[in-house]
Amino acid sequence: MMRVRLKADGRIVEILPDGSERSPPRTSANSSSGEADAVYARGVRARTKLTQAEFAARIGVPIETVRNWEQGKRSPRGPARALLKVIDKAPDVAFAVLRKTEN
């Protein structure tokens, strides 16, 4: 049985018998899913013609979040995934609604 720990930066590490840590082996399902999420997040932002900084500001997340999505280090989940889908299908509407909630 593998023991794992969730680190503060979102990484999952395996705890070895001597107490040291290492990154667990990635399965093809995990890596392909992460790569697909990265391609999707990058594509959504690219279609809006915004920089990472502009996109992050518009959706109200730190720029590091957008970078992590696009580099495949993290995958957008829950509300973030839903927001990306709305932006992908109706960017003008999504950004108009987000702009109104900022005031």
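Accessible areas here come from the Shrake-Rupley method with a 1.4 Å probe. With that settled, I looked up the surface of this predicted model: the chain's accessible surface comes to about 7,200 Å², and carbon and sulfur atoms account for 55% of that surface.

**Entry: the layout.** I counted five helices and three strands in the chain. Reading along the sequence, I noted the pattern β-β-β-α-α-α-α-α.

**Entry: burial and contacts.** I checked how much of the chain is tucked away, and 23% of its 103 residues count as buried. Then I turned to contacts between residues at least 6 apart in sequence, and found that 39% of these join residues at least 24 apart.

**Entry: aromatic rings.** How many aromatic pairs does a search of the whole structure find? I got one. Its members are Phe 55 and Phe 95, arranged edge-to-face. Their centres are 6.4 Å apart, and I read 90° between the planes.

Phe 55 belongs to helix H2 (residues 52-59) and Phe 95 to helix H5 (residues 91-102), so the pair ties together parts that are 40 residues apart in sequence.

**Entry: buried or exposed?** I looked up both partners against the cut-off, where buried means under 20% relative accessible area. Phe 55 has 1% relative accessibility, so I wrote it down as buried. Phe 95 has 7% relative accessibility and therefore counts as buried too.

**Entry: a neighbour of Phe 95.** I also found Arg 58 lying over the face of Phe 95, at 5.1 Å from the ring centre.

Key. Residues numbered from 1 in each chain as written. Predicted model: local features only at pLDDT ≥ 70, side-chain atom pairs only at ≥ 80, totals over all residues. Heavy atoms only, no water. Phe/Tyr/Trp six-rings, centres within 6.5 Å; stacked < 30°, edge-to-face > 60°. Helix = DSSP H or I, 4+ residues; strand = E, 2+ residues; numbered from the N terminus. Buried < 20%, exposed > 50% of the residue type's maximum accessible area, 1.4 Å probe, protein only. Lys NZ or Arg CZ within 6 Å of the ring centre and 35° of its normal. Contact = heavy atoms within 4.5 Å.
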